[in-house]
Amino acid sequence: MNFAGSGNYGMSVAASQRKDLAAIYARLNTEILIYAEDGANIMIDEGWLEQPPLSADRNDLAKK
């Protein structure tokens, strides 16, 4: 949901012709991304975020 909100602000910046609103949207987008990073760090610290799948070690597979 954080990234959906960030995308909404990005679309708002692109659609807005007023420079003052674009600056406000850019600031809010930065705040959302910092909030999302904090949430990801909490999930990593608590062990709730799993490591993404890794590619196979081709050198190890070739030895077998």
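Is leucine 49 buried, partly exposed or exposed, and what is its relative accessible area? Leucine 49 is partly exposed, with a relative accessible area of 41%, where buried means under 20%, exposed over 50% and partly exposed in between (1.4 Å probe, protein chains only). The model is predicted: local features need pLDDT of at least 70, side-chain atom pairs count only at pLDDT 80 or more, and totals for chains, interfaces and linings use all residues. Residues are numbered from 1 along each chain as its sequence is written, and side-chain values use heavy atoms, with hydrogens and water left out.

Leucine 49 lies in the loop between α2 (19–46) and α3 (58–63); helices are DSSP runs (H or I, at least four residues) numbered from the N terminus. Just after α2, glycine 47 adopts a positive phi of about 80°.

The 28 residues of α2 should span 40 Å at 1.5 Å a residue, and the end C-alpha atoms are 41 Å apart, which agrees; the expected span is 1.5 Å times one less than the number of residues. Asn29, Ile32 and Ala36 are buried in α2, and the buried residues of this helix pack against α1 (2–15). Asparagine 29, located in helix α2, is buried because its relative accessible area is 19%. Contacts of asparagine 29 (heavy atoms within 4.5 Å) include Ser6 and Tyr9, not counting residues up to four places away in sequence.

Note on methods:
Helix = DSSP H or I, 4+ residues; strand = E, 2+ residues; numbered from the N terminus.
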